[in-house]
Amino acid sequence: MATPTKTAITVTVNGRPRHLELEARTTLAEVLRDGLGLTGTKIACDRGACAACTVWLNGRPVCSCMMLAIDADGQAVTTIEGLAQGEALHPVQEAFIEHDALQCGFCTPGMVMSSAALLERDPHPDAGAVRDALAGHYCRCGTYPHVVAAVLAAAERKS
Amino acid sequence: MTETRTETFPSGIVGVGLGSVTREIPVSEPPPWPPNADLTWIGRPVPRLNGRSKVTGATRYTVDVRLPGMLYARLLRSPLPCAELRRLDTTEAAARPEVRAILPLAKPGDRLRYAGQPVAAVAALSLSDAAEALAAMDVEFRPLPFVVDMDEARAPGAPAVHDAASAPAGHPSGFPAAPGLPLEGNVRGPAVVRRGDPAAGLAGADVVVEGEYRTQVHTHACLEPHAIVADWRADGLTVYISTQFTAGVRQELATAFGLPLSRVRVVVDGMGGGFGAKSQLGLYGRAAVQLSRAVGAPVYLAFDRTEEQVDAGNRPGTVQRLRLGAMRDGTLSALAIESFGTAGVTVGAGIGFFAERLYSCANFETRQHDVFVNAGPGCAMRGPGNTPGAFAVEQAVDALAERLGIDPLVLRDRIDPSPVRREERRIGAERIGWSGRHRPGAETGPVKRGIGMAQSLWMSNVQTNVACEVRILRDGSVEALSSVQDIGTGVGTVMAQVVAEVLGLRPQDITIRIGDTEFPPGGPSYGSRTTASITPPLRTAATRVLAQLAREAGRMLNAAPDEIEASAGRLQVRTDPTRFLAFRDAAALLRTDRVSAVESRLDDYGGFRRRMPDAAMALEDLGGVQFAAVAVDTETGVIRVERVVAVHDCGRPMNQLLLESQVQGGVLMGISYALLERRIMDRRTGLMVNADLEHYKLAGIHDTPEIETVILENLQGNSATDAYGIAEPANIATAPAIANAVYNAIGVRLTSLPMTPDTVLAALARTGRS
């Protein structure tokens with residue numbers, strides 16, 4: 001069998017342009033994890049049902065398992081590794097720790113990315129808006145009550 | 001003979017009735033702790049110490065392990081529910097340049113008993129190379145008759161899933177094990193537990209309540225799949241695996257591969273959920289190790305979501321026929337249950353000991369059967385046995401209360417001997433507003449609200465084969481080490497609290513090193529036993545290592561070592577705290593780079609109910625009572641859980657915040673079990689039709705009610721920490737509490753799980769209430 005053709009793309013990942021050669025079938029989640037070693041992005045269902053793989057594409061949350069990497073060519077991707085400013089955690093990250101909004105932690109990076117994106121577009125969400133923003137995320141440990149509390153606390157801290 | 005001393009421990013529920021108990025304890029044990037209010041860190045809501053690495057994506061889960069030269073493996077699985085393997089020709093696949101090794105897991109002539117059963121494994125340069133190699137295998141199956149439905153499997157003439165030789169023996173629920181049970185067709189059992197004369201008890205009853213209850217097959221659905229990276233080298237084997245029991249997997253590997261334990265290392269850092277499904281090495285784990293040995297390179301093998309749903313374990317489904325007899329005052333005269341459950345091709349589908357131990361009833365019998373079907377093997381899942389068992393018993397007790405015209409809480413006060421649960425019922429009733437509860441189905445209007453409750457029962461498990469080490473280094477830093485793993489409970493943070501409490505430091509000052517068999521053996525994280533098992537020896541080890549430091553400090557402060565106490569970052573003279581050394585300065589006096597103490601788990605001070613080779617059950621069971629408030633839309637059939645009040649006990653609570661998380665998790669898994677989740681097998685194809693997360697519905701954030709958690713401080717004077725578990729009790733009561741609330745709302749009892757809208761509408765239609 002012939003080796004599949006590779007395509008060259010450039011994606012800005014966490015503020016850094018990355019030149020990648022990959023097979024067209026490669027998903028964004030796969031290239032983040034295996035091409036760039038950014039394993040903070042998790043694959044749990046691999047078909048957009050659980051949102052564990054959520055990253056930002058030009059600032060908007062997307063399921064990176066549902067997107068081909070070549071479709072991110074020329075665009076900006078932010079992953080969980082790029083959310084903190086150096087040592088300073090994002091307010092959502094701090095609040096997740098304080099409110100214990102995580103247990104096994106496998107869904108946490110995706111939850112954090114969607115929560116932080118919510119606060120970018122709506123700095124003062126109520127609990128209903130938080131639930132709407134996280135409605136696609138599954139957490140098998142059942143962290144949802146603490147997640148809502150954490151995001152509301154983060155909104156307060158940010159303002 | 002161990003030298004002992006006498007100590008008096010606080011005993012009872014703090015704030016309710018605190019007494020004391022006197023124990024003879026080994027002289028090496030630390031003195032009794034007072035109630036939590038008088039401790040610095042124990043019981044406090046300390047945020048988990050590994051939180052930062054989890055919220056930044058830095059935590060390394062098994063699926064994140066990447067080793068140089070690592071190969072990727074995948075499994076070929078049977079596509080049929082029952083088949084004979086006719087041909088497995090891997091010549092072409094093996095010739096592919098990207099393929100490094102192929103391992104047959106079945107041979108021609110073998111019978112494959114469920115769709116998804118592994119047939120072969122391949123290791124290749126990438127996951128896609130491995131998948132393509134599987135497609136290149138020349139494999140032929142001869143389809144055989146199959147049965148995937150439990151009722152059909154029980155019928156005469158049903159295809160036999162097993163023959164006498166292949167049928168697993170054993171027990172319906174594991175406690176107690178019942179070997180040598182009869183096998184007839186696809187039915188193994190009954191395993192019988194009996195006391196008194198149930199027939200006479202029923203005959204003499206004033207009231208008899210009967211019912212049949214059904215529970216579905218429920219998958220663990222851990223978000224991190226089963227995963228392993230096996231690295232076989234000439235000098236030993238290292239395995240990274242998503243596991244609930246590093247030390248157990250190490251023992252399995254040593255046995256399976258004939259290696260000395262000293263040459264086997266098992267590591268887990270981040271662990272993305274287990275719930276009972278990740279307690280053992282498994283066939284996939286052995287396959288990865290065999291592949292690594294064959295090629296001399298590390299091998300990665302992880303399930304995809306479909307594999308996770310069909311072949312990673314599940315909570316068996318049950319049908320339970322229950323008869324409950326009582327006298328007019330509520331006294332139980334008989335409780336008899338016959339159950340059938342299915343764990344697919346294996347056993348373990350019983351209903352636990354919930355009915356046997358919760359209520360006082362002299363005439364009792366359970367007859368539990370396992371039914372084989374052609375589906376993936378079940379395994380323990382959060383409160384195995386007792387969770388489906390509670391769904392039936394707690395609804396039947398409510399039905400009995402109604403027949404007797406007694407409030408369900410009053411009835412339970414009469415038949416439940418536990419003083420702890422009595423207090424839990426009192427608190428929960430107050431918080432949920434039980435006094436405002438209306439008669440069943442009394443509300444008018446299409447959306448009807450109701451309140452219900454149910455109880456929990458689980459063993460206070462302890463792993464006795466547990467050890468840990470505490471080190472003080474000369475720079476004043478402190479480490480606690482054990483192979484115990486954090487499966488999401490935050491046990492490492494609890495360990496830091498214990499060491500900090502003893503050494504007068506802060507939890508964040510303690511470096512926790514766990515999840516690696518290079519450290520002293522920790523126990524398994526199943527059966528709600530981790531905290532109970534690891535914290536007592538940890539406190540003792542910290543006490544001993546502090547004594548070594550106190551010797552150095554005492555010399556400097558002109559005091560005897562036993563006059564030195566640790567407090568707020570200092571070692572000071574107890575009678576004159578103005579004479580002190582900073583902890584760091586005291587550590588600098590050490591004559592070696594570190595001092596260390598290793599301790600192992602002693603028996604409970606008051607003894608155990610039951611002792612097993614490496615484990616035991618404490619004298620007092622774990623309780624818990626949950627109340628649910630629901631709204632049922634009688635036009636759509638949708639049930640919404642609006643509020644849950646969960647009142648639990650776990651001995652001495654160690655960390656309020658982490659306990660709350662555990663309880664919320666148990667409640668949410670219970671809501672998901674009650675309303676949403678169900679493995680659906682197609683009877684005609686024998687396949688699971690919802691082997692994914694789109695059609696297999698888990699509770700999401702919109703299904704989450706307000707959850708109020710109350711944790712009692714129930715001291716017993718049983719160990720150096722007196723702490724027990726909570727993960728499973730928090731799950732057991734939820735589904736029956738919701739079912740009882742639904743009955744209160746609509747006046748119709750739902751006896752099958754999950755309680756989906758169609759079942760609600762059908763039940764309403766049957767009784768003409770819609």
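Two residues are taken to be in contact if their C-beta atoms, placed from the backbone, lie within 7 Å. In this predicted model, contacts in chain B between residues at least 6 apart in sequence can be sorted on that basis, and 78% of them join residues at least 24 apart. For chain A, the corresponding share of contacts between residues at least 6 apart that join residues at least 24 apart is 59%.

The secondary structure of chain A consists of five helices and five strands, and from the N terminus on these elements follow the order β-β-α-β-β-β-α-α-α-α. The radius of gyration of chain A is 16 Å, close to the 15 Å that the globule rule gives for 159 residues, and chain A is therefore as compact as a globular protein of that length. Along the principal axes, the C-alpha trace of chain A spans about 55 × 30 × 25 Å, and 57% of the 159 residues of chain A count as buried.

Chain A is divided into domain 1, covering residues 6-82, and domain 2, covering residues 91-158, and the centres of these two domains of chain A, taken over C-alpha atoms, are separated by 21 Å. Where the two domains meet, 15 residues of domain 1 of chain A are in contact with twelve residues of domain 2 of chain A. On the side of domain 1 of chain A that touches domain 2 of chain A, the elements giving two or more residues are β3 (54-57) and β4 (60-63) of chain A, with the largest share, three residues, coming from β3(A). By class, this side of domain 1 of chain A has nine nonpolar, four polar and two charged residues.

Chain B comprises 19 helices and 35 strands. Its radius of gyration is 28 Å, close to the 27 Å that the globule rule gives for 770 residues, so chain B is as compact as a globular protein of that length. The C-alpha atoms of chain B fill a box of roughly 85 × 75 × 50 Å along the principal axes, and buried residues account for 59% of the 770 residues in chain B.

Four domains are assigned in chain B, namely domain 1 (62-146 + 221-311), domain 2 (160-220 + 314-396), domain 3 (418-460 + 620-766) and domain 4 (461-615). The C-alpha centres of domain 3 of chain B and domain 4 of chain B lie 37 Å apart, and the contact between these two domains takes 19 residues from domain 3 of chain B and 19 residues from domain 4 of chain B. The side of domain 3 of chain B that touches domain 4 of chain B has ten nonpolar, eight polar and one charged residues.

Two sheets of chain B may be described in detail. An open sheet of six strands has the order β9-β10-β20-β19-β18-β11 in chain B, and its pairing is mixed. The edges of this sheet are formed by β9 (183-184) and β11 (207-215) of chain B, each of which has a single partner strand, so that one side of each is left without a neighbour in the sheet. Within the sheet, strand β19 (residues 332-342) and strand β20 (residues 364-371) of chain B run parallel and are joined by seven bridges, and B:I337 stands opposite B:T366 in β20(B). Helix α10 (residues 386-404) of chain B lies across β11 and β18 (317-326) of chain B, running at about 150 degrees to β11(B).

The other sheet is also open, with three strands of chain B in the order β26-β27-β28 and antiparallel pairing. Here β26 (564-567) and β28 (576-582) of chain B stand at the edges with a single partner strand each, so one side of each is left without a neighbour in the sheet. On average, neighbouring strands of this three-stranded sheet are turned by 35 degrees against each other, direction ignored. Four bridges join strand β27 (residues 570-573) of chain B to β28(B), the two running antiparallel, and the bridge partner of B:V573 in β28(B) is B:D576.

Between the chains, the contact takes 41 residues from chain B and 39 residues from chain A. Of the elements of chain B, α1 (51-55) and α16 (656-675) each supply at least two residues of the side that touches chain A, and α16(B) gives the most, with eight residues. The residues on this side of chain B divide into 18 nonpolar, 14 polar and nine charged.

Terms used:
Residues are numbered from 1 along each chain as its sequence is written. Chains are lettered from A and ligands numbered from 1 in the order in which they are written. This is a predicted model: local features need pLDDT of at least 70, side-chain atom pairs count only at pLDDT 80 or more; totals for chains, interfaces and linings use all residues. Ala, Val, Leu, Ile, Met, Phe, Trp, Tyr, Cys and Pro count as nonpolar, Asp, Glu, Lys and Arg as charged, and the others, Gly among them, as polar. Two strands pair if DSSP finds at least two bridges between them. Axes are lines fitted to C-alpha atoms, for helices over the stretch in contact, and angles run from 0 to 180 degrees between N-to-C directions. Domain bounds come from an automatic or database domain assignment. The radius of gyration is taken over C-alpha atoms; the globule rule is 2.2 Å times the number of residues to the power 0.38. A residue is buried if 20 or more other C-beta atoms lie within 10 Å of its own, exposed if 12 or fewer, and partly exposed in between; C-beta atoms are placed from the backbone.
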